[in-house]
Amino acid sequence: MKVLVVGSGGREHALVWKIKQSPKVREIFCWPGNAGIAEHATCLPGSPEDVEGIVKFIEQEKIDLTVVGPELPLMAGLTDEIVKRGFKVFGPSKLAAEIEGSKVFAKNLFRKYGIPTAKFNTFASAQEAKEYIKELNSPCVVKADGLAAGKGVIIAQNTE
C-alpha cells in the first residue's frame, strides 16, 4: 500500500511511525511533515489546507489510503473531495468535523442530546457576554467559536 498522512504535528508523527510498521505499507508520504517525520516518510512541500494539491498528488501517485490529522483540512472538506474522487481516506467529512471546528456547534449538539457538558451560552456582543459572566461564579472559560489550533481559550479567574 501507498499511504499519505496529512499534517506536520506530533499526532501525524505518531501516525506515520505506526503506519510504517505495517507489512502492507510499502511507501509512506507526509504532506508536509516535519524533520522527525522525515525519518519515516517522504515529506512533501505544501500546506495541509491545499485540498486541490493534495488530491492531485493522491491521483498522480495512486495513493491507497490517506489519513488526515489536522482540523483545518478536515474543515476545508479534504476527506469529502478524496472520497468524491474515488479514493480511500481516514478522517471525518466536513460536516462531521464541525464538532471539532465549532465549539458552538458541539455545545449545542451536547445540549440537544443531553450529553453532559459545562454550562454555556453564546453571544453576539461583548456586552452580552460580560452581563452573563456576572451571573456565574468565577472562574469561567471564554472561547471564541472556530478553529484555534488548541489555543484561544481564556480561563478568567474573575469578572475583570
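Before we start: contact here means heavy atoms within 4.5 Å. Keep in mind that this is a predicted model.

**Exercise 1. Helix α2 and its cover**

Work out which residues of helix α2 are buried, and what covers them.

*Solution.* 
- Start with the helix, which runs over residues 51-61. Its buried residues are Val-51, Gly-53, Ile-54, Val-55, Phe-57 and Ile-58.
- Now look at what sits over the buried residues of α2: the cover includes strands β1 (2-7), β2 (27-32) and β4 (65-68), along with helix α4 (78-84).

**Exercise 2. Salt bridges across the sequence**

Find the salt-bridge partners of Lys-2 and Arg-11, and say what each pair ties together.

*Solution.* 
- Get the total first: the structure holds 8 salt bridges.
- Lys-2 pairs with Glu-61, and their closest N and O atoms are 2.9 Å apart. Since Lys-2 is in strand β1 and Glu-61 in helix α2, this bridge ties together parts 59 residues apart in sequence.
- Check the burial: Lys-2 comes out at 10% relative accessibility, so it's buried, while Glu-61, at 28%, is partly exposed.
- On to Arg-11, which bridges to Glu-71 with a closest N–O distance of 3.9 Å. Arg-11 belongs to helix α1 (residues 10-20) and Glu-71 to helix α3 (residues 71-75), so the parts tied together are 60 residues apart in sequence.
- Arg-11 has 45% relative accessibility and counts as partly exposed; Glu-71 has 22% and is partly exposed too.

**Exercise 3. A salt-bridge network**

Start from the Arg-85 and Glu-81 pair and place it in its network.

*Solution.* 
- The two side chains meet in a salt bridge of 2.9 Å, N to O.
- Arg-85 is partly exposed at 25% relative accessibility, but Glu-81, at 17%, is buried. The cut-off for buried is under 20%.
- Step back and the pair joins a network of salt bridges linking Glu-52, Glu-59, Glu-81, Lys-84 and Arg-85.

Methods: Residues numbered from 1 in each chain as written. Predicted model: local features only at pLDDT ≥ 70, side-chain atom pairs only at ≥ 80, totals over all residues. Heavy atoms only, no water. Buried < 20%, exposed > 50% of the residue type's maximum accessible area, 1.4 Å probe, protein only. Helix = DSSP H or I, 4+ residues; strand = E, 2+ residues; numbered from the N terminus. Salt bridge = Lys/Arg side-chain N within 4 Å of Asp/Glu carboxyl O.
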